[in-house]
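Have the model open as you read.

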Amino acid sequence: MATQNDNTSSEKTVLMDAQAMREALERMARAIIDANEDIESLVLLGILTRGRPLADRLADTIAEMAHFRPPVGSLATTLYRDDLRAGVGEAKLGGTTHFDFSVDNRTVVLVDDVLAAGRTIRAALDEVMDYGRPRRIQLACLVDRGGRELPIQPDYLGWTVATHPNDWVTVRLKEIDGEDAVLEERRARTTTEGGE
Amino acid sequence: MREAPSTVWTRKDLIGIEDLARDELELILDTAPQFVEISRRESGIKKVPLLQGRLVVNWFHEPSTRTRTSFELAAKRLSADTLAITSSSSSEVKGESLHDTLANIEAMHTDIIVIRHSCAGAPHILARRHRSHIVNAGDGRHEHPTQALLDAFTMRRHVRKLRNDPDAGLDGLRVSIIGDVANSRVARSNIWCLNKLGAEVTLCGPTTLMPVAVDRMGVRVTSRLQEALEGADVIYALRIQLERQQRGLFPSIREYIRLFRIDNDSLRHAPAHALIMHPGPINRDLELATEVADGPRSVILEQVSNGVAIRMAVMHLLANSPRAQAAASAPQTQARQGLGS
């Protein structure tokens, strides 16, 4: 992984500010309500770390619009990652999966901040299935940065941005980072190295 | 939010606590909570696919129910295939034949071998020469590292609950280990583990059951139970190994009970919050009174539950850390040289 202060040039762009993020979450909440007539069967599972506060906010917004607040839980997905078994990823510590409701026959909405390869969502699907048999599973992501490696697409999306694999897309949230913003950091391409 | 520890797991094997650094111990303890959650799933599948398709062999040369079951369950909850090989030979097994047996087991393409042996050092010798990840499940009077880890994990969970601090460690925790310390690999691993994690350890028992050079272990020693119980946050009773009692290490069982048994009477000297722990199996009403073993302060069964999570964490770290895997795939030449001729 590249370090923050290496010598390659980079430029940061703000993709979403706090206002844009709030509007996106409102749009997503509305879309979730519209797509699910049986709203009381909804549960939201936020993928740790930043999917969890996003899931809480979506639940709050849904509650304002539909007078029902879906229960929210946390999904770690770390124990279902495919790179661990392949021996290429480090066994990093995430949080712990926790929710105190059954997913049987519920509509589970997975909530994550950034969708890229789709491997985290694959892991999340397997993990949820080990907890029970949901009626359906849907996916809500704040940002889709492209670069899919698996056939996975979001049902509810806040923002789309086409990125180069070297670029970083970072979601910052008040609950964790003290501010609401989505940043894109374009990093110098490897091909330009030494040519500056 | 807690910072992730800077360390990553790099070792091929888990042989003992003595050669682990504090951050390695903490990495194992920090890896375990997610596995506690899996065993608690009420509906659904109580396993994760982390060791899918790997082979874990439990190779026990000494009787064991708890530890063997715990390792087997841990492997199964990680989706590994498991195989148990019990060896009835209680006599000294010569190093060479041990190597041969292990070479034959390894020919079946094992990934992790959990070994218990009556000879101190047997896991270490095997680990140096063989490709599989070796986990020491107790070697002679030397070490029982996963027991010490599950004990520290249990203590830490309670300290965190008690102090209402999700990041609290064992620093300054006063732990009194009572009973047959000299014959106990559990005590030895626990002393190293607790010392490294910053706890203050007191040993208590008849002087004949204290290890030699105990004064160099960085612990307080007393032969008065009251002294050990006063101010203790954790009271850890060891099993009196009755099978060794014919050597006459203390005058009589009745006298041991009078002087060292943990019961409601002796517990008057301990703080109300003190936890009661025991590695099992208990000699009821010998080292530990039934009223205490089954009482509200006892976390003995929780130790057993946590043991599965700790062993899952250990096997996951050994088998899934890239650097540990690299050490396992190319050890032989180096290890053979290390053994000398």
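Start with Ile178(B): its bridge partner in S8(B) is Ala237(B). That's part of the parallel pairing between S5(B) (residues 174-178) and S8(B), which runs over four bridges. Strands here are DSSP runs of E, at least two residues long, and helices are runs of H or I, at least four, numbered from the N terminus; two strands pair if DSSP finds at least two bridges between them.

S8(B) also pairs in the parallel sense with S9(B) (residues 275-277), over three bridges. There, Ile235(B) stands opposite Ile276(B).

## Two covered faces

In a regular strand, side chains alternate between the two faces of the sheet. In S8(B) (residues 234-237), Val234(B) and Tyr236(B) on one side and Ile235(B) and Ala237(B) on the other are all buried (under 20% relative accessible area, 1.4 Å probe, protein chains only; over 50% is exposed, in between partly exposed).

## The whole sheet

This is a predicted model: local features need pLDDT of at least 70, side-chain atom pairs count only at pLDDT 80 or more, and totals for chains, interfaces and linings use all residues. Residues are numbered from 1 along each chain as written, chains are lettered from A and ligands numbered from 1 in written order, and side-chain values use heavy atoms, leaving out hydrogens and water.

The open sheet has five strands in parallel pairing, ordered S7-S6-S5-S8-S9 in chain B. S7(B) and S9(B) are at the edges with a single partner strand each, so one side of each has no neighbour in the sheet.
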